[in-house]
Amino acid sequence: MKKIVVRLGKKSYSIIIKPGILNNVSEIIDKLHPSVPVAIISDSIVSGLYGKKLKADLQKTRKDVHLLKFPSGESSKNHEQLKLLYTELIKKKMPRNSVIIALGGGVTGDLAGFAAATYLRGINFIQIPTTLLAQVDSSVGGKVGINHELGKNLIGSFYQPKIVIIDPHVLSTLPAREVVTGMGEVVKYGLIADKNLFLLIDKNLDSLLEINNQKLISDIIYRCCRIKAQIVEKDEKENNIRKILNFGHTFGHALEQVTDYKVYTHGEAVIAGMRWAVFYSHEKGLLNSQHYAEIDKVLGRFGIKVGNINTDSILSAMSVDKKISDNQLFLILLKNAGKTLFYKVKDNKELKFVTERWINSAAKKNHINY
Ligand SMILES: NC(=O)c1ccc[n+]([C@@H]2O[C@H](COP(=O)([O-])OP(=O)(O)OC[C@H]3O[C@@H](n4cnc5c(N)ncnc54)[C@H](O)[C@@H]3O)[C@@H](O)[C@H]2O)c1
């Protein structure tokens, strides 16, 4: 078993990583929150795969255990689903000392976490992430929330879990596309903070995408969670250094938005966004040609294709980030794998020029199909 402690004073918590741990979750939760009511929140797919088993396990030692389901997918991360969850929690008379367990991917963690943060002004919250993306990223750090019609993740809060329990065995049922999605976030950690991790991924990408080496995948999850924990400890509310976790997200979020969240998973859009960001870094002379070629080649191995996107729509979608930061757009760019910097975009002309050049050059290189 591997353990990381996220040190945030009174809000500190552990991340536990162990293959097969899902079979013994009741033991852990009994120590933290004995006998209180529990609501497991899970999507329609994960509840069938693991929810019923978890419910039965928890029922061994406590009376009130509820399994609340919502339809799987990003489109459920909204006000309507949140309201339905509140209604269930109220009807089940869940008290202040009760616990919400988010069992699922990033959508479940964000939605259930926001319900936990706001129901009765906040009840206990536990993360049991089941996608690779959620295990290496979204379950750690306390960002919870929902989407708004005008943009992603615009409504939310910082609400830390009491514990994060990670069982890499559950990745065996994850569809291949979701593995790619999560591996994109893993590459992100290598690029922003750990060159050796990036090289390890490059060397083992095929095996990693097959999820056939539990030791390697557990080790990689551990390394990513450790990086995230260190960043969150320094800057819980994302005032400075935590922003580097958004590497690839300016373009990625815009791509998700202009394609109506229907074409790309979040992680796929972030992979495309990282390619755009490394191109930008190279264009601005921050990343040398050799490093650019090496990094772009690895990102290209994920085979994410960007269709006929309209540059103006992408630029306008990126301006949501801009409005939020005093009408200036800051990008997270790279000096090399493991070394980031904050870059202030000169003006819209520059953004448009580089973005159009990327689209054209990527199309020519045939890494991205148009
Ligand atoms: N809070 C944060 O810090 C943070 C960070 C990154 C991303 N996010 C958010 O995370 C979301 C994306 O998360 P995601 O990619 O995990 O998507 P997701 O939660 O929709 O899961 C992807 C799909 O995999 C299925 N699934 C989950 N676990 C499974 C398993 N073990 N076996 C089989 N199927 C399984 C789900 O039912 C779903 O269909 C986005 O909304 C994004 O904004 C949040």
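1. Covering of helix H2. The buried residues of H2 are covered by elements that include helix H1 (25-32), strand S3 (38-43), strand S4 (65-70), strand S5 (99-104) and helix H4 (106-118). Those buried residues are Val 46, Ser 47, Tyr 50, Gly 51, Leu 54 and Leu 58. Buried means 20 or more other C-beta atoms within 10 Å of the residue's own, with C-beta atoms placed from the backbone. Helices (H or I, at least four residues) and strands (E, at least two) are DSSP runs, numbered from the N terminus.

2. Basis. This is a predicted model, in which local features need pLDDT of at least 70 and side-chain atom pairs count only at pLDDT 80 or more, while totals for chains, interfaces and linings use all residues. Residues are numbered from 1 along each chain as its sequence is written.

3. Kink in H2. Helix H2 (residues 44-59) has a kink of about 50°, centred on Tyr 50; Tyr 50 is also one of the buried residues of H2. The bend at a residue is the angle between axes fitted to the seven residues ending there and the seven starting there.

4. Domains. The chain is divided into domain 1 (2-173) and domain 2 (176-365), with bounds from an automatic or database domain assignment. Their centres, taken over C-alpha atoms, are separated by 27 Å. In domain 1, 26 residues are in contact with 30 residues of domain 2, contact being C-beta atoms, placed from the backbone, within 7 Å. On the side of domain 1 that touches domain 2, strand S1 (2-6), strand S2 (13-17), H5 and S8 each supply at least two residues. H5 gives the largest share, 5 residues. By class, this side has 14 nonpolar, 7 polar and 5 charged residues. Ala, Val, Leu, Ile, Met, Phe, Trp, Tyr, Cys and Pro count as nonpolar, Asp, Glu, Lys and Arg as charged, and the others, Gly among them, as polar.

5. Ligand. The ligand lies between domain 1 and domain 2, because both give residues to the shell around it. That shell holds 31 residues, of which the closest are Ile 45, Gly 105, Gly 106, Thr 131 and Ser 138. Elements giving two or more residues to the shell are H2, H4, helix H5 (132-138), helix H6 (176-193) and helix H10 (266-283). The shell has 8 nonpolar, 16 polar and 7 charged residues. A residue is near a molecule if its C-beta atom, placed from the backbone, lies within 6 Å of it.

6. Strands S7 and S8. Strand S7 (residues 143-148) and strand S8 (residues 151-158) run antiparallel and are joined by 5 bridges. The hairpin between S7 and S8 passes through 2 residues. His 148 has Gly 151 of S8 as its bridge partner. Strands pair if DSSP finds at least two bridges between them.

Technical notes: Buried ≥ 20, exposed ≤ 12 C-beta atoms within 10 Å, placed from the backbone. Contact = placed C-beta atoms within 7 Å.
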